Amino acid sequence: MPGGALKTERQAGDSRVLEIEDLRIEFETGAQAVPVLDGVSLDIGSGETVCLVGESGSGKTVTALAIARLLPCPPARYAGGRILVNGRDVLRMSARELRTIRGRVVSYVFQDPAVALNPVLRAGAQVRETLALHRPEAAHNDEVISLLRWVGIPAPELRIRDYPHQLSGGMQQRLMLAMALASHPRLLVADEPTTALDVTIQAQILELLRALRRQLNMSVLLITHNLGLVGEIADRVVVLYAGQIIEEAPARELLSRPRHPYTRALMKSVPELGRDAPRLDAIPGSVPRLGDWPAGCRFHPRCPMARPDCSREAPALASVAPHQRVRCRFWDHAP
Ligand SMILES: Nc1ncnc2c1ncn2[C@@H]1O[C@H](COP(=O)(O)OP(=O)(O)O)[C@@H](O)[C@H]1O
Ligand SMILES: [Mg+2]
């Protein structure tokens, strides 16, 4: 770990809930260790919503799972860097300390209800179980019903008796949200929470997320491959490509003036209203396979602006304005 450059652990009172510094993660495949995240640094302030975007395979879920050290090791290996949650490095925590973080300080919502919901447990019992784990004093039906009402589930006093399969996709997603919020987490990590839903329901869930995070003063890391969603909810956007951050900016700035050619291409691939599948063909080629990252700029083989230099020299993530970083030497050239 490049220890000298890293800051000391933060004091209580720091407003940053999450601070990832130069995170490196590898996967062991056979005798080889293949890098998956290559020096990722990102911060989330108290009450702030940050969107992490990028095509499938860019490393978004690996980043998300790393925050509560949920990656299976092996095959994963934390090869360097730090992940500070409330100023404490989760990579150095004991198993006991980790349990106090997981679900309580950092909680998760995933895309697939099948992963998070127990098919043989009624909705009410699932929420009560989560409460019993994190807020035992509140593990009673009244609190369960008010949580379900809070996330917009109609007639919650009836729905608590339903099994997950009796709920629609949107209601299952709300139930997962209720479980994730039951502990009043400081940071909610939502990994493509709406991808499986139709666009109207997606918008409703995002609207709900926006309202809830205000009420709880909760920070949110929202992961999506759809840049069209981020304007609705994000304060800041971080764009990931082949295990590296290639652009980071305040949401409004990024949407009105994307600087990296990849971000511009991503914006062109935003799904049209009423269509669920992104037009991935808007970006020629595909994300390079693990262990097969091109030399120089990793995006150069797909980049409409690539020059001979781009295949030789790896660009640094450079500050181009306050709170704005871009990993492209030609970011200020016209597309
Ligand atoms: N358990 C694993 N073993 C080996 N490779 C993995 C594992 N999990 C993820 N990967 C690889 O890591 C890369 C990043 O994956 P992921 O973070 O899931 O991407 P994203 O969420 O952006 O679609 C992908 O190439 C994926 O195949
Ligand atoms: Mg993913």
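The centres of domain 1 and domain 2, taken over C-alpha atoms, sit 28 Å apart in this predicted model. The chain splits into domain 1 (13-105 + 188-326) and domain 2 (112-184), with bounds that come from an automatic or database domain assignment. Where the two touch, 13 residues come from domain 1 and 11 residues from domain 2; being in contact here means that two C-beta atoms, placed from the backbone, lie within 7 Å. Helix α8 (residues 199-216) supplies the largest share of domain 1's side, 6 residues. Sorted by class, that side of domain 1 has 9 nonpolar, 3 polar and 1 charged residues. In this sorting, Ala, Val, Leu, Ile, Met, Phe, Trp, Tyr, Cys and Pro are nonpolar, Asp, Glu, Lys and Arg are charged, and the others, Gly among them, are polar.

A word on bookkeeping: residues are numbered from 1 along each chain as its sequence is written, while chains are lettered from A and ligands numbered from 1 in the order in which they are written. Since the model is predicted, local features need pLDDT of at least 70 and side-chain atom pairs count only at pLDDT 80 or more, though totals for chains, interfaces and linings use all residues. Helices (H or I, at least four residues) and strands (E, at least two) are DSSP runs, numbered from the N terminus.

Next comes the ligand. Around ligand 1 there is a shell of residues that includes Phe-27, Val-36, Pro-75 and Leu-290, along with Gly-57, Ser-58, Gly-59, Lys-60 and Thr-61; a residue is near the ligand if its C-beta atom, placed from the backbone, lies within 6 Å of it. Helix α1 (residues 60-67) gives the most to this shell, 3 residues. By class, the shell holds 5 nonpolar, 6 polar and 1 charged residues.

One open sheet has 4 strands in the order β2-β1-β4-β5, paired antiparallel. At its edges stand β2 (32-45) and β5 (88-89), each with a single partner strand, so one side of each has no neighbour in the sheet. Strands count as paired if DSSP finds at least two bridges between them, and β1 (residues 16-29) and β4 (residues 76-85) are joined by 8. Glu-19, for one, has Leu-84 in β4 as its bridge partner.

Also in β4 is Ala-79. Ala-79 is partly exposed, with 15 other C-beta atoms within 10 Å; a residue is buried with 20 or more such atoms, exposed with 12 or fewer, and partly exposed in between, the C-beta atoms being placed from the backbone. Skipping its neighbours within four places in sequence, Ala-79 is in contact with Arg-24, Ile-25 and Glu-26.

Just after α5, Gly-152 takes a positive phi of about 85 degrees.

Lastly, strands β11 (residues 318-321) and β12 (residues 324-326) run antiparallel, joined by 3 bridges. In this hairpin, with 2 residues between the strands, His-323 takes a positive phi near 65 degrees.
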